[in-house]
Every structure is written in structure tokens, then in C-alpha cells.
Amino acid sequence: AADLMSDHLEQEVRADGPGKILMKVFLPRTLNEGPKGPSKSGSRFARKKLELFRLEGKDWILLCDTTSNSDQKSQEVSWEVLSSGNLKCRLTNMSGTEGQFSLECTFIPHHES
């Protein structure tokens, strides 16, 4: 059996207060080597799961997650953060497809007006 757990990336981010976490994801679109015909069933979309965790004590607590199929190579997802703390973003490639995928997490603070 293939080890699908190796198909994920994690990145830790420090939030200095209220703001948002911006996750930029790049996942390859896969093309099956099937018969070429008018049918579009030869192309598969990259299925991915994005998760955001907060460190509380010694445990990572899941704050939110989303699973999606995407035919786009790149996607941006942002989540609101209400307080400071250590956060961890995780991208899981659930399609089991080979190819380079990447995750970039950035904390963007809210500016008081």
C-alpha cells in the first residue's frame, strides 16, 4: 500500500494578533494516460485538504479545514485569526497523484484604523 501520509506539507506561522492567515497552494493537475477521445474523463482534478491548527499547550488543535477538488494549479485560501499564537497550516494531496505541490502560509495583521 502506498503511504499517502507523505503527501502532505506543513508550515508553522506566528500570529502576532488579530489578522488573517493566507494559504497559497500550488497543486498539479493530473492527466491520466488513458484513451484520447472526446470524453473529458481522461483528466483528473487534484483533490486537496487544507487545515489550520493552533498550538494550545503541547497540542495542535484543529481550527478549521476545507477539502476541495480544483482544476486550477494554484489557489489562495484565507482564514481569520482572532488572537496571537502559533499556528500550523497543513496541505494534504488526497488525489494520490505524483507531482510537485507547495504550500506557502503568511500572517497578515489587521491594521487599526
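Start by selecting G19 and V81: in this predicted model, V81 of strand β7 is the bridge partner of G19. Now extend the selection to both strands. Strand β2 covers residues 19-26 and is joined to β7 by eight bridges, with the two strands running antiparallel.

Move on to the charged side chains. The structure has six salt bridges. Select E10 and K88, which form one of them, with their closest N and O atoms 3.7 Å apart. This pair connects distant parts of the chain, since E10 lies in strand β1 (residues 8-15) and K88 in strand β8 (residues 85-93), 78 residues apart. E10 is partly exposed, at a relative accessible area of 39%, whereas K88 is buried, at 9%.

Then select K49 and E51, another salt bridge, with 3.8 Å between the closest N and O atoms. K49 is partly exposed, with a relative accessible area of 24%, while E51 is buried, with 8%. To see how these residues belong together, show E10, K49, E51, D65, K88 and R90 at once: they are linked in a network of salt bridges.

Now select the cysteines C64 and C89. How far is the sulfur of C64 from the closest cysteine sulfur? The distance to that sulfur, in C89, is 9.1 Å, which is too far for a bond; a disulfide would need the two sulfurs within 2.5 Å. The disulfide count is zero. C64 is partly exposed, at 22% relative accessibility, and C89 is buried, at 0%.

Finally, colour the chain by confidence. The average pLDDT is 80, and 72% of the residues score at least 70. Confidence is highest in β9, at a mean of 94, and lowest in strand β3 (residues 30-31), at 53. Residues 1-5 have a pLDDT below 50, and this stretch has one contact beyond near neighbours in sequence. Residues 31-42 are also below 50, with four such contacts. Where pLDDT is low, the predicted coordinates should not be read in detail.

Note on methods
Residues are numbered from 1 along each chain as its sequence is written. Side-chain values use heavy atoms; hydrogens and water are left out. Buried means under 20% relative accessible area, exposed over 50%, partly exposed in between (1.4 Å probe, protein chains only). Two strands pair if DSSP finds at least two bridges between them. Helices (H or I, at least four residues) and strands (E, at least two) are DSSP runs, numbered from the N terminus. pLDDT is the predictor's confidence in each residue, from 0 to 100. Contact means heavy atoms within 4.5 Å. A salt bridge is a side-chain nitrogen of Lys or Arg within 4 Å of a carboxyl oxygen of Asp or Glu.
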